[in-house]
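User: I'm new to this one and I'd like to know where the labels come from. Could you show me the structure and then take my questions?

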Amino acid sequence: EAFFKDSELAKVVSSVKPRISYGINGNVNGIGNYDVYGIYDKQTAYNGTTGILNTGVINSKLKWETTYTFNARMDLGFFDNRIYLTAEYYKKDTKDLLINATLPAHIGYGSAYRNIGRVENKGFELSLNTVNMKRRHFNWTTDFNISFNRNKVLALANNQSVLPADNLKIPNGAALYIAKVGQPIGMMYGALTDGLYQYEDFRKGSDGSWILRDDVVSQSTHANRKGVFPGYQKFKDLNGDLQITQEDLTIIGNPNPDFTGGITNTFRFYNFDMSLFFTFSYGNDILNMNRYYLEEGRSLSSNQFASYADRWTVDNPNGKLPRARSANNTAWGSDRYVEDGSYLRLKNLNIGYTLPIQVSQRFFVSNMRIYFSAQNLFTVTGYSGQDPTVSTMSNARTPGYDYSAYPVPRTFIFGAQISF
């Protein structure tokens, strides 16, 4: 605008571009072509008589999920766009959320897609691109981005307040994730650990057996309190009834990060170039179920992590891990498997050299660049697993789940880019 170009501010601010948008988007992923009507298939019925059977639950009310999206964005350029800043706020409200929900056993089908809820996603994204140095033979640029996303369950079907993720449970036990109204989707669910049972928590029975004292919380499913032994995992009794049950289970972890982002620095010096790309995440939890199977001695015939050597034994009563086979006595997950998944990773390193034109022409090419690149060179993290970016369950309700995941490979590439 003319009034802006003639102002003193124009000497600093190169461009200003505000944007606002609103839209409605539908999603049909998960709905089969005939889920609303049902499909019949020939089956062998009772006593060898052939008949037809409905292959799934008919849901005549099934419909698309709908997302209402609002975006507000501002682009700002400074000093001839050597500094370029983009800030964006977004809010997405998804209604009639499509989820493959577990059905009661008496219905006769394991699961079916249903419109069961409403979820809100909102956040702030910031990107900054700068030309830090620009000389005849040396350039240095930086690209930085960071995102803050928050999601919340606003409603569930049939006035439910909690929806367990029944597709991912402790064997014959409780769900490991829940969706709860007012909380982020996919929260980790289980019991809070409270150390290990020690000898002082028991009294000796007349037959020489260990009997848990009446004033000590029992994690056993046995009413007579004889199912607990020294070295077993102790859990916090949240309702004060001295018995660990479903009522004592709670949210034990949040897989949603406080923020994520990346930063790229690119350098050019004469004919050499180099770029480094880092990614990061902070504040997300990971449910490391490798420890559930390989750090609790559930089976005498399976191998264990080396850390399991520091388990409770008669000779090592101060061990950090429960005694062998004791975990088979519980039917819920716990915060012992929840770890901080924050990390900083050098995702990509690229170094190249472009041959002078005189040299390239000797090889009958117009341009030749020789380069070396490496991916996933190193990761700084406190997570004990193979990869802090893991999520082996492809389900929005069970994020941050790690079991038997293939580790991210470290790769090295030498190559040449040639133009004729």
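**Where the labels come from**

Analyst: Let's begin with Asn284, which sits in the loop between strand S19 (272–282) and strand S20 (285–288). Strands here are DSSP runs of E, at least two residues long, numbered from the N terminus. This is a predicted model, so local features need pLDDT of at least 70 and side-chain atom pairs count only at pLDDT 80 or more, while totals for chains, interfaces and linings use all residues. Residues are numbered from 1 along each chain as its sequence is written, and side-chain values use heavy atoms, with hydrogens and water left out.

User: Why is Asn284 called buried?

Analyst: Buried means under 20% relative accessible area, exposed means over 50%, and partly exposed is in between (1.4 Å probe, protein chains only). Asn284 has a relative accessible area of 8%, so it counts as buried.

User: Which residues does Asn284 touch?

Analyst: Leaving out residues up to four places away in sequence, Asn284 touches Asn254, Pro255, Asn256, Pro257, Glu339, Asp340, Gly341, Ser342 and Pro388. Contact means heavy atoms within 4.5 Å.

User: What makes the pair Asn284 and Ser281 a polar contact?

Analyst: The term covers a pair of N or O atoms within 3.5 Å; within protein, one must be able to donate a hydrogen and the other to accept it, and residues adjacent in sequence count only if both atoms are side-chain atoms. The side chains of Asn284 and Ser281 are joined at 2.9 Å, and that is listed as a polar contact.

User: Is Asp80 buried or exposed?

Analyst: Asp80 is exposed, because its relative accessible area is 72%. You'll find Asp80 in the loop between strand S4 (65–78) and strand S5 (83–95). Asp80 also has a positive phi of about 55 degrees, although it is not a glycine.

User: What joins S9 to S18?

Analyst: There are 10 bridges between S9 and strand S18 (residues 259–269), again running antiparallel. Ile146 has Gly261 in S18 as its bridge partner.

User: Why are S10 and S17 said to stand at the edges?

Analyst: Four strands form an open sheet in the order S10-S11-S12-S17, with antiparallel pairing. Strand S10 (162–164) and strand S17 (250–253) each have a single partner strand, so one side of each is left without a neighbour in the sheet. Strand S12 (residues 187–190) pairs with S17 over three bridges, and Tyr189 stands opposite Ile251 in S17.

User: What about the sheet with S20 in it?

Analyst: That open sheet has three strands in the order S21-S20-S24, and its pairing is mixed. Strand S21 (338–340) and strand S24 (401–402) are at the edges, because each has a single partner strand. S20 and S21 pair in the antiparallel sense over three bridges, with Glu339 in S21 as the bridge partner of Ile286.

Terms used
Pairing = 2+ DSSP bridges.
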